[in-house]
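Colleague: I have not seen this one before. Can you walk me through it?

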Amino acid sequence: MKDITISRRSLLVSAGLLALAPLAGCGGNSDSGSAAAGSDYTIGVLQLTEHSALDAANDGFVKAIKSQVSVPVIAVNTVKHPQFAEQLLEEGVSDFVGMSRMHIADPYLVQKTMAGREDLIRKCLGCMNCNKSVVAGRTLHCALNPVAGHEVTFGDDKLVKNGNGRKVAIVGGGPTGIAAAYFLGREGVPTTIFERERKLGGVPRYVIPAFRISDEAIDKDVALMERYGVEVKLGKPAPSVEQLKKMGYTHILMATGAWKPGKLDIEGNVQGVIEWMKRMKKQVKPCLSGNIVVVGAGNTAMDAARVAKRGESW
C-alpha cells in the first residue's frame, strides 16, 4: 500500500470540527462567509464533492475565490479519502478540510490513516442518516457505524473481553451476521460465519445497486470484523443446527435475511424485487424496455425504480 504522508495542518482538521474552535474565538456565532462578533476569524465554507473539487482546483476557480477573500476557507461535503484531503491543502484549494460525517462513520479515521491502514477506514456513504436521526429528535444513527450514538453502552471503554466458554455459529453473512460477528469478536467470543455465497455481504452486495452501497464499503466492514479473529466459511450451505451443536457451538444465530419473495396476486409479468434486482446487478448494462410499475414506496421500491430508470437509459 502506498505510504500516506499527513501534514500537521490536515491532522488538526481531521481530528474533527471541534479543532476549529480556537479559530472562532470566544463568544458569538459565525455564519458561512460572514463576520462573527467576538471572533478572531471568519470561516468561509466551500462545499465540494471529491469529483467537483478536483475540477475546481484545476481550473483555478477556488484559488480565484481565495485570492479575493481574507478569511480562511474550509472545504466540506463528503470528503472521504485522507490523501484527497491532503491534496486540497497542498494545492492551496482550501485552508481546512471538514470531515465531520467521516468521523461519525469511523471515529478512528486519523489513527488508521497515520498507521497506513486506510483499507480499514469506514468511508461515509453520504446517506444523511446521521442528520435525519438528529433532526427527528432521535439518537444519532449511522448506517455504517453501529456504535454511533451508543458509545456509553458499546464504546471501547466498556469492552470486556471474555468468551466465557461460549462458541458462536452465525448462519448467514449479510449485514446482521457481519455486525453480530464484529461485536462478538470484540468481546473475545470464538465466532464462525457460514455463508452460502462466495463473499460476505448478503443483500447489500448482491442486490442493492453499487451506486447506493459500494463493494468497498462492504469490504471495509468485513475487514474490520476479521481483525477480531472471526472465522469465515464460504461457498456452501451451513450445517444443520444439530450438526452445529455437535461441532461444539454453544450459541447459534440464524441471520439468513429476507430472501423469500413476496407474492402479488395480479396478472402479468410480476417479479419479486429481490431476485429481479439481483439479476440486474449481475448485468454490466441492464437493458429494459416497455412499461415498468414498482408497487411500494419504501427504500427497496426507490432502489428498484432507480435501477429500472438507469436500465432504460443504457
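Modeller: A term to begin with: on a 1 Å grid over the protein atoms alone, a pocket is an open set of points with protein on both sides within 12 Å along at least five of seven lines, while a cavity is a set where a 1.4 Å probe fits but cannot get out; lining residues have an atom within 4 Å of a point. Grid points are joined across faces, edges and corners, and a volume is the space filled by probe spheres set on the points. This is a predicted model, where local features need pLDDT of at least 70 and side-chain atom pairs count only at pLDDT 80 or more, but totals for chains, interfaces and linings use all residues. Residues are numbered from 1 along each chain as its sequence is written, and side-chain values use heavy atoms, with hydrogens and water left out.

Colleague: What volume does the largest pocket have?

Modeller: About 1200 Å³. Its lining has 46 residues, and Leu125, Ala143, Leu144, Arg212 and Ile213 are the closest to its centre.

Colleague: Which elements give two or more residues to that lining?

Modeller: They are α3 (50-59), α8, α10, α11 (202-206), α12 (215-226), α14 (273-282) and α15 (299-313). The largest share is from α12, with 5 residues. Helices (H or I, at least four residues) and strands (E, at least two) are DSSP runs, numbered from the N terminus.

Colleague: How do the residues of that lining divide?

Modeller: Into 23 nonpolar, 13 polar and 10 charged. Here Ala, Val, Leu, Ile, Met, Phe, Trp, Tyr, Cys and Pro count as nonpolar, Asp, Glu, Lys and Arg as charged, and the others, Gly among them, as polar.

Colleague: And the second largest pocket, what is its volume?

Modeller: The second largest pocket comes to about 780 Å³. It is lined by 29 residues, and Val270, Gln271, Gly272, Val273 and Val293 lie nearest its centre. α14 supplies the largest share of this lining, 4 residues, and the lining splits into 16 nonpolar, 9 polar and 4 charged.

Colleague: How many cavities of 30 Å³ or more?

Modeller: There are 2. The largest cavity has a volume of about 100 Å³. Among the 14 residues lining it, Cys124, Leu125, Cys127, Cys130 and Cys142 are the closest to its centre. α6 (100-105) and α8 (129-135) each supply at least two lining residues, and α6 gives the most, with 3. The lining of the largest cavity has 10 nonpolar, 3 polar and 1 charged.

Colleague: Changing topic: what is the strand order in the open sheet?

Modeller: The order of the 4 strands is β6-β5-β4-β7, with parallel pairing. Two strands pair if DSSP finds at least two bridges between them.

Colleague: Why is one side of β6 and of β7 left without a neighbour?

Modeller: Because β6 (231-234) and β7 (251-254) stand at the edges, each with a single partner strand. From one strand to the next, the twist averages 15 degrees.

Colleague: Over how many bridges do β4 and β7 pair?

Modeller: Over 4, in the parallel sense, with β4 at residues 168-171. Ala169 stands opposite Ile252 in β7. Helix α10 (residues 175-186) lies across β4, β5 (191-195) and β7, at about 165 degrees to β5. Axes are lines fitted to C-alpha atoms, for helices over the stretch in contact (heavy atoms within 4.5 Å). Angles run from 0 to 180 degrees between N-to-C directions.

Colleague: Where does pLDDT stay under 50?

Modeller: Over residues 1-59, for which the model has 103 contacts beyond four places in sequence. pLDDT is the predictor's confidence in each residue, from 0 to 100. The chain averages 77, and 77% of the residues score at least 70.
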